[in-house]
Amino acid sequence: MHELVGALRSYAWGSRTALAQLCGRPVPSAHPEAELWFGAHPADPAYVKVGDSPTSLLELIAADPDRELGSAATRFGEKLPFLLKVLAAEEPLSLQAHPSTEQARAGFDRENRAKVPLDSPLRNYRDDNHKPELVVALERFEALAGFREPHRTVALLRALAVDGLRSYCELLAAQPDSAGLRTLFTTWITLPQHVLATLLPEVLDGCVRYLSGKGTREFTAEARTTLELAEAYPGDAGVLAALLLNRVTLEPGQGLFLAAGNLHAYLRGVGVEIMANSDNVLRGGLTPKHVDVPELLRVLDFEPIGLPVVLPEPAGDGSVRYRTPAPEFALRRFDLVAGSARVPLTAAGPGIVLCTAGTVRLFRDGSSLELTRGGAAWISAADTDIRAQAVDGRVQLFCACVGAAG
């Protein structure tokens, strides 16, 4: 086991406080800090402290994949199949979805043949992998995720009482299924600018009227979010499209799982995120980055879903686990207190241990490694019987590993 140093990524929607506080650095940071990557993705691998010099986790694995990955080397082509992150959103992320494996392979090959540089801002597919993902809230976390059940969306649109929405509302009411959602979403996301410039202000006025009404309001969060998105991205068709999505609030410890094709946008909050080892994103709006609506429409799954919240389940070893169908990753959380006995963390690796609260010491074969808040460790497949003990305060540990085979 070795200390793992994450790769810090700055985006405009990031926080100047959250990741700096997590890692014990001065606050505020010089720039918005959005993500801390702990993994072996070629775009930004983490570094392992081995001896006196740091080594890229990507290079460490490539030098001896059997030792570092064990049986996962055969299952996933000698690559670490997951990417672990800490995500800190101060502002909304883009309206986006991720491709399936087949779509990613086809898109990656297509853009390679077209000689689109891997670092081009116009690139959709930066690798040939899919990207199912799970985010677990460290604090209250707000998101839009998956298409809402159409009858509830019809109720929302009617509650806003906007004349310009009436025909669209009746369209969905007449076909309250995935086909109706596809038609309405496609219509809204491709509206001519002059039509959008008239409709969007009407919708915003409707949201203001709705929020100023008396009594209990079922769609308060949705109306407020629409106004917030419009303020951040004025004139963006994604503001309308967001009306079709589930509005999700995660409390600390709750998770949100997104499969391929699920349209989503994280709004605000800090969370631990784990995903298949990919950086493929198709964007449809709410961003200054590259938007490719035709490609997004190609990968979207318009089947309505309920709130895709994942609750922690007792794992029987003192931890809780977050169950998902993804074979590339599994995530558990340990909550430890100082003075308690050492607890076993992992069977055979590979894995990454991330400390998000307190101070913990990891033990293996007479050696130890201390992690403070924001610290992480790489556990190779050769590192067995890793145990953890809280040193100071209440410790929270996330343990990421490869999902079960078959």
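Axes are lines fitted to C-alpha atoms, for helices over the stretch in contact, and angles between N-to-C directions run from 0 to 180 degrees. Helices (H or I, at least four residues) and strands (E, at least two) are DSSP runs, numbered from the N terminus. The model is predicted: local features need pLDDT of at least 70, side-chain atom pairs count only at pLDDT 80 or more, and totals for chains, interfaces and linings use all residues. Residues are numbered from 1 along each chain as its sequence is written, and side-chain values use heavy atoms, with hydrogens and water left out.

The protein is divided into domain 1 (2-144 + 250-288 + 302-310), domain 2 (148-243) and domain 3 (319-401), with bounds that come from an automatic or database domain assignment. Taken over C-alpha atoms, the centres of domain 2 and domain 3 are 44 Å apart.

An unreviewed UniProt entry assigns the feature "domain: Phosphomannose isomerase type I catalytic" to residues 3-148; UniProt positions follow the numbering used here, feature names are shortened, and annotations may be inferred rather than shown by experiment. Residues 3-148 are 23% helix and 28% strand, and the end C-alpha atoms of this span lie 42 Å apart. The unreviewed UniProt entry also places a "binding site" at Gln96, His98, Glu133 and His264. These residues span 169 residues in sequence, yet no two of their C-alpha atoms are more than 12.7 Å apart, so they gather at one spot. Gln96 lies in strand β7 (residues 95-97).

Two helix pairs were examined. The axes of helix α7 (residues 166-174) and helix α8 (residues 178-189) come within 8 Å and cross at roughly 155°. Helices α7 and α8 are therefore roughly antiparallel to each other (under 35 degrees counts as roughly parallel, over 145 as roughly antiparallel, 65 to 115 as roughly perpendicular and the rest as oblique). Their contact (heavy atoms within 4.5 Å) involves Tyr168, Leu171 and Leu172 of α7 and Gly180, Leu181, Thr183, Leu184, Thr187 and Trp188 of α8. By class, six of these residues are nonpolar, three are polar and none is charged (Ala, Val, Leu, Ile, Met, Phe, Trp, Tyr, Cys and Pro count as nonpolar, Asp, Glu, Lys and Arg as charged, and the others, Gly among them, as polar).

Helix α9 (residues 193-212) packs with helix α10 (residues 220-232) at an angle of about 140°, the axes being 9 Å apart; α9 and α10 are therefore oblique to each other. In α9, the contact residues are Val203, Leu204, Cys207, Val208, Tyr210 and Leu211, which meet Thr220, Ala223, Arg224, Thr226, Leu227 and Ala230 in α10. This contact comprises nine nonpolar, two polar and one charged residues.
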